[in-house]
Amino acid sequence: MIIIKNVGSSDKQPPRTKRWLSGPRWLFLLIVSVFIYGSHAPLIALTKSDGRVPFSPSSCVVLIELCKLLISLSALFASGDIHTIKVSVSWTAVVPYALPALLYAFNNNLVVFMQAYMDPSSFQVLSNLKIASTALLYTSCLRKRLRRAQWAAMALLMVAGALHSYSSLDWEIPDKGVENARARLHITAWGLLLILLYCFVSGLAAVYTEKVLKSQRLPLSLQNLFLYIFGVGINLMSHFYSTGTELTFLDGYSALVWVIIAGQAANGLLMSVIMKHGTGITRLFIISSAMLVNSVLSWWLLGLQLTPFFFLPLLLIAVAVYFYYR
């Protein structure tokens, strides 16, 4: 039986945590997370054959969650926390960790579903609204106050994301006529409603995860264990529900796919550290900065052309960082 003690609220961070947050190791953690986030899409593109990924994306998600679960369990044993805690775990302490897994699984399936109501480029641009939803939920649910300069920083992040997405749109009219061009860039009323729901759920999942991680005085490895037990179970059910008969669980897996799995598992664990000891707003800056890494790696690995327009989002993100953290 797993044992825990000292379950309760903890708003104040111990001195050791403050030293960690202000040290070079924290900066290194943020840089690594930005790089992994930014490299994900280019690495996925490298695995494609005839324009399609040769493996099951849902099985990949299951394996990422499983890797995080196993690493968290190993860390729990290595730290010795599993032998020193003295109060038995109650379901009231464990059940809250199911909601983030449900929310993330819901959004993963919603992304696929909403493609019928909009084109991918419209989704890419409008999904930047999750910055606004996260900031609003962060202030309302966690009762955090942002200064005017910090709200301005959030607005700059949204604009930077929209401009970055806009610069990657393909505005060329295909040979088959204007009608097909219009079909590529479109969004219906249902699509707009779904993208707003997607952004709300994304912000809710991030804010709720932060609240759960910070509201219980538990070892982070134990909290991760609870999170990823639910993550593996929910995503495994989703995989078997949605998968077709064309691919088995490990069909099409190459060394590069396993690199992607390892990177995303590492990034998930890094993000839990950020959510535990930092804030969900830090996560927004990581995701926004990762767009720039994505562009550079796409230029280097895939031969995509960078335009001068690329430097405008870079400038806006730098100004947003200054406004928020000054």
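## First stop: α12 and α13

Select helix α12 (residues 220-242) together with α13: the two pack at an angle of about 120 degrees, and their axes lie 11 Å apart. That angle makes α12 oblique to α13; angles under 35 degrees count as roughly parallel, over 145 as roughly antiparallel, 65 to 115 as roughly perpendicular and the rest as oblique. The axes are lines fitted to C-alpha atoms, for helices over the stretch in contact, and the angles run from 0 to 180 degrees between N-to-C directions. The crossing of α12 past α13 is right-handed (clockwise; a left-handed one has the near helix turned anticlockwise from the far one by less than a right angle).

Now display the side chains at this contact (heavy atoms within 4.5 Å). On α12 they belong to L220, Q223, N224 and Y228, and on α13 to G268, L269, S272, V273 and K276. By class, the contact of α12 with α13 comprises four nonpolar, four polar and one charged residues. Here Ala, Val, Leu, Ile, Met, Phe, Trp, Tyr, Cys and Pro count as nonpolar, Asp, Glu, Lys and Arg as charged, and the others, Gly among them, as polar.

## The whole chain

Zoom out and colour by pLDDT, the predictor's confidence in each residue, from 0 to 100. This is a predicted model, in which local features need pLDDT of at least 70 and side-chain atom pairs count only at pLDDT 80 or more, while totals for chains, interfaces and linings use all residues. Residues are numbered from 1 along each chain as its sequence is written, and side-chain values use heavy atoms, with hydrogens and water left out.

The mean pLDDT of the chain is 81, and 82% of its residues reach 70 or more.

Of the 326 residues, 43% count as buried (under 20% relative accessible area; exposed is over 50%, partly exposed in between, with a 1.4 Å probe and protein chains only). Of the contacts in the chain with a separation of 6 or more, 87% are between residues 24 or more positions apart.

## From α13 to α14

Show M271, I274 and M275 in α13, which meet G280, T282, R283 and I286 in α14. The residues of this contact divide into four nonpolar, two polar and one charged.

Centre the view on M271 of α13. Is this residue M271 buried or exposed? M271 is buried, at a relative accessible area of 9%. Beyond its neighbours within four places in sequence, M271 is in contact with S33, Y37, R283 and I286. A C-alpha to C-alpha distance from M271 to T282 gives 9.7 Å, for two residues eleven apart in sequence.

## α14 and α15

Select helix α14 (residues 280-302) and helix α15 (residues 311-325), which pack at an angle of about 160 degrees with their axes 10 Å apart. That makes α14 roughly antiparallel to α15, and the crossing is left-handed. On α14, display I281, T282, F285, S288, S289, M291 and L292; they meet P313, L314, I317, A320, V321, Y324 and Y325 of α15. This contact has eleven nonpolar, three polar and no charged residues.

Select T139 in helix α8. T139 counts as buried at 18% relative accessibility. Apart from its neighbours within four places in sequence, T139 is in contact with K144, L146 and W151. T139 and V207 are 68 residues apart in sequence, and their C-alpha atoms are 9.5 Å apart in space.

Finish at R143, in the loop between α8 (129-141) and α9 (148-167). R143 is exposed, with a relative accessible area of 74%. Most residues other than glycine have a negative phi. The phi of R143 is near 55 degrees, a positive value in a residue other than glycine.

Note on methods:
Helices (H or I, at least four residues) and strands (E, at least two) are DSSP runs, numbered from the N terminus.
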